[in-house]
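This report looks at charged side chains and at backbone angles. Please keep the sequence and the structure in view while reading.

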Amino acid sequence: MVSISHVARKVLSCMPFVLVLFDLKYEGVKCGREGSVESHLEMGKKLLAAGQLADALSHFHAAVDGDPKNYMAYYRRATVYLAMGKSKSALPDLSRVIELKPDFTSARLQRGNLLLKQGKLDEAESDFKKVLKSNPSDKEQKEAQSQLTKSDEIQRLLAQAHSSFSSKDYMTAAAQFDTIIETCVWDVASRELRAECFIQMGEMGKAISDLKAASKLKSDNTKAFYKLSTIYYNLGDHEMSLNEVRECLKLDPDHKQCYSHYKQVKKLNKQIQSAEELIQEKRYEDAVSKYEAVMKTEPNVHHYSLHAKERICHALAQSQQASRAVSVCSEVLQSDPENVNALKDRAEAYVQEEQYEEAIKDYETASQHSENDRQIKEGLERAQRLLKQSQKRDYYKILGVKRTAQKKEIIKAYRKLAQQWHPDNFKDPEEKKKAEKKFIDIAQAKEVLTDPEMRTKFDHGEDPLDPESQQGGHHHPFHGGFHGFQGFNPFGSGSFNFKFGFN
């Protein structure tokens, strides 16, 4: 049996060789890893020079992972981030470079420039001052001094801008912020204050532009999204308002202001969408009710009241409620005299009311603001034809019915007038002659207005029984006078039996 002491002596005698082998293996791994990092750095450098930024970035990522204390790996990666426009990602890498190598002036100068663009003036000035104290190259010294001077000027201008803003001199403050933002292009606070100046000045488009930039520059900027949503809401753009307030709630679902505003915008948006769907379905009276609900939901923002009235005006015109349509459309046009939609709808309502001259005026005004609108052109031509037609023979007036009259109403009116004006009712030759002409007019009116095709032509300003408008001399039974009416001659010899055609 082998003793334990013998085995121990054997192991101890081999230990020097084991330690040598382990040391050799460790050195090999270390050399291999360092070689790999250098290889990644070299390859990344070549790809960066070739403009292949994504591939270069992959190699610099690998270099950083391979050696987390290699300042050059961080610096190269920061360079790629800057080339890709990703300054937010570059800044931590530059800070890590400075932490690992405090005398690396190029990294400190670049970080100072980024901090200046972000509006972090004190931190930027600290970097520029340290560059000037660290024995920089002539180029670095010149740049650092220039940027330090610029930062000092912006500090002074920023104080003036805040003073102007506090004094409610928004125009001066906005101009001062313009100069600041030319240098501090990523300064969120300055953009938000300039946006507030624009809001106070009524320049909402410029305010929106600044707030959109601020929402991108600061990843959790719920304030910017809330303001954007309220601006769009007050401008009458409920859909964009809803989009922006949703972005706010994505960042903070419990944001009180955004959630309260979201409920209001969502309700209004739903009502407007429902009203538009009803108009598409030609359920005009329901659409009117829905838009009246919109005005109750938001009575304080003029844009929504005006939009609701504009759409009510349209629905009433489409549903042949001419008198109500004219009244509502006129309300819209008092607030917005150049509202083309209201002008077109009121013109259509005037046509229904047979006020053709008023319709022509509205169409002509609308055409001044929308020259290439085919609907306006066709409406104007129709109103002009109807005006000309009204000065001749109007079948609706002959029967004493409205243009919106149904077939039953037309036939009922025809029966009454035909009985009243039948020539056999008159003995005096002159009165009989007058009644004959009247009777023919009544019969012709009935023929045109009970025939869908002929009525459509007449409604568009063309008289289907007028030889001048009937190309090719199309024959109508009434063109032969009363003797040609329905194939009988009431003035012929023998007894006369008159039959009405009520079909």
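## Helices and the model

Helices are taken here as DSSP runs of H or I with at least four residues, numbered from the N terminus. The model discussed below is a predicted one, and the helix names in the following sections rest on that definition.

E140 has its place in helix α7, which covers residues 138–166. Although E140 is buried, it has no salt bridge, and the nearest side chain of opposite charge, that of K139, is 8.5 Å away. A salt bridge calls for a side-chain nitrogen of Lys or Arg within 4 Å of a carboxyl oxygen of Asp or Glu.

What does E140 touch, once its neighbours within four places in sequence are left aside? The contacts of E140 are then with T105, S106, L109 and V131.

## Salt bridges

How many salt bridges does the structure hold? There are 26 salt bridges in the structure. In general terms, side chains of opposite charge can pair when their charged atoms come close.

One of these pairs joins K250 to E247, with the closest N and O atoms 3.1 Å apart. Both residues belong to helix α12 (residues 238–251), and because they are three residues apart there, K250 and E247 are separated by about one helical turn. K250 counts as exposed, at 62% relative accessibility, whereas E247 is partly exposed, with a relative accessible area of 30%. Another salt bridge is found between the side chains of D103 and K101, at 3.4 Å from N to O; K101 is partly exposed, its relative accessible area being 28%.

In helix α19 (residues 374–390), R374 and E378 lie four residues apart, about one turn of the helix, and they form a salt bridge whose closest N and O atoms are 2.9 Å apart.

## A positive surface patch

Which residues form a positive surface patch? The patch is made up of R246, K266, K270 and K290.

Most residues other than glycine have a negative phi.

K282 is not a glycine, yet it has a positive phi of about 65 degrees. Its place is the loop between α13 and α14 (284–297), and at 61% relative accessibility K282 counts as exposed.

Q320, likewise not a glycine, has a positive phi of about 65 degrees. This residue is found in the loop between α15 (302–318) and α16 (322–335), where Q320 is partly exposed, with a relative accessible area of 42%.

Methods. Residues are numbered from 1 along each chain as its sequence is written. This is a predicted model: local features need pLDDT of at least 70, side-chain atom pairs count only at pLDDT 80 or more; totals for chains, interfaces and linings use all residues. Side-chain values use heavy atoms; hydrogens and water are left out. Patches are made of residues with over 30% relative accessible area and no salt bridge: like charges are joined within 9 Å, nonpolar side chains (Val, Leu, Ile, Met, Phe, Trp, Tyr) within 5 Å. Accessible areas come from the Shrake-Rupley method with a 1.4 Å probe; for residues, only the protein chains shown count as cover. Lys and Arg count as positive and Asp and Glu as negative; His and the chain ends are not counted. The place of a charge is taken as NZ of Lys, CZ of Arg, CG of Asp or CD of Glu. Helices (H or I, at least four residues) and strands (E, at least two) are DSSP runs, numbered from the N terminus. Buried means under 20% relative accessible area, exposed over 50%, partly exposed in between (1.4 Å probe, protein chains only). Contact means heavy atoms within 4.5 Å.
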